[in-house]
Amino acid sequence: MEAILGFDFAILDFIRENIANPLLDVIMKIVTISGDAGMIWIAAIILCLIFKRTRKAGVCMAVAMILVLLICNLTLKPIVARPRPFSLREDIELIIAAPKDFSFPSGHTLSSFAAATGLFIYHKKLGIAALIWAILIAFSRLYMYVHYPTDVIAGILLGVICAVISALLINRFYQPIADRITEKFKKKRENN
């Protein structure tokens with residue numbers, strides 16, 4: 001455990017001492033805020049659901065985000081109860097409000113990779129852009145000193161797993177449900 005913590009702090013301290021600067025402070029703050037409560041991904045889900053061409057991706061992203069909520073916020077964070085890195089280092093000044101929940105896994109990273117991977121599975125071009133943003137959000141959590149690298153790595157892995165499970169469920173159940181709904185609308189129109 002001590003070796004992992006040493007690894008985590010070595011990376012966080014490297015970022016703080018060698019990469020951090022006033023311009024990046026502003027950029028990373030904007031990036032990290034975009035991931036607060038998964039809002040950017042919820043907006044992306046809504047947009048995808050509006051258009052028929054991206055609807056399946058939107059459903060996949062939504063299911064993945066529900067899995068994230070269940071796995072991360074309601075299960076893993078309270079069980080692991082890992083304190084945040086800034087709470088172990090009194091000399092760290094945060095440039096964002098100190099998160100109140102536990103550190104493991106990174107919820108920002110987990111939701112970002114779940115949504116971005118779900119989009120990528122169905123729409124490669126849009127998915128690549130989403131994955132780039134997910135990577136930036138994941139890095140921003142390290143930059144802000146609010147997550148350990150191992151929190152972020154776990155968030156990436158669990159996010160991808162949630163998206164793949166979601167896609168498997170969507171591929172199994174989406175079309176039969178969509179067909180039934182379409183059939184009901186056709187019958188309703190015929191009766192009117």
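**Helix packing and an aromatic cluster**

Helices H4 and H6 are roughly antiparallel to each other, a class assigned to angles over 145 degrees, whereas those under 35 degrees count as roughly parallel, 65 to 115 as roughly perpendicular and the rest as oblique. The model is a predicted one, in which local features need pLDDT of at least 70 and side-chain atom pairs count only at pLDDT 80 or more, while totals for chains, interfaces and linings use all residues. Residues are numbered from 1 along each chain as its sequence is written, and side-chain values use heavy atoms, with hydrogens and water left out.

H4 spans residues 55-80 and H6 residues 107-122; the two pack at an angle of about 155 degrees with their axes 8 Å apart. Helices (H or I, at least four residues) and strands (E, at least two) are DSSP runs numbered from the N terminus. Axes are lines fitted to C-alpha atoms, for helices over the stretch in contact, and angles run from 0 to 180 degrees between N-to-C directions. The crossing of H4 and H6 is right-handed (near helix turned clockwise from the far one by less than a right angle; left-handed if anticlockwise). On the H4 side the contact (heavy atoms within 4.5 Å) involves residues including Lys56, Cys60, Ala64, Val68 and Lys77, and on the H6 side residues including Gly107, Leu110, Ala114, Gly118 and Tyr122.

H6 also packs against H7, at an angle of about 170 degrees and with the axes 7 Å apart. H6 is thus roughly antiparallel to H7. Among the H6 residues that meet H7 are His108, Phe113, Thr117 and Phe120, and among their H7 counterparts are Leu126, Ile128, Leu131, Ile135 and Arg141.

Lysine 77, in helix H4, counts as buried at 5% relative accessibility (buried is under 20% relative accessible area, exposed over 50%, partly exposed in between, with a 1.4 Å probe and protein chains only). Apart from its neighbours within four places in sequence, lysine 77 contacts Cys72, Arg84, Asp101, Phe102, Ser103, Phe104, Pro105, Gly107 and His147.

Cysteine 48 lies in helix H3 (residues 39-50) and is buried, with a relative accessible area of 8%. Its C-alpha atom is separated by 4.7 Å from that of glycine 58, 10 residues apart along the chain. Beyond neighbours within four places in sequence, the contacts of cysteine 48 are Thr54, Arg55, Gly58, Met61 and Leu119.

The structure contains three aromatic pairs. Rings of Phe, Tyr and Trp (its six-membered ring) pair if their centres lie within 6.5 Å; planes under 30 degrees apart count as stacked, over 60 as edge-to-face and the rest as tilted. For phenylalanine 9 and tyrosine 145 the ring centres are 6.4 Å apart and the planes at 35 degrees, so this pair is tilted. The pair links distant parts of the chain, 136 residues apart: phenylalanine 9 is in helix H1 (residues 2-19) and tyrosine 145 in the loop between helix H7 (124-143) and helix H8 (149-191). Phenylalanine 9 is buried at a relative accessible area of 9%, and tyrosine 145 is buried at 0%. The rings of phenylalanine 9 and tyrosine 148 have centres 5.6 Å apart and planes at 80 degrees, so the pair is edge-to-face. Tyrosine 148 is in the loop between H7 and H8, 139 residues apart from phenylalanine 9, and both residues are buried. Phe9, Tyr145 and Tyr148 form one aromatic cluster.
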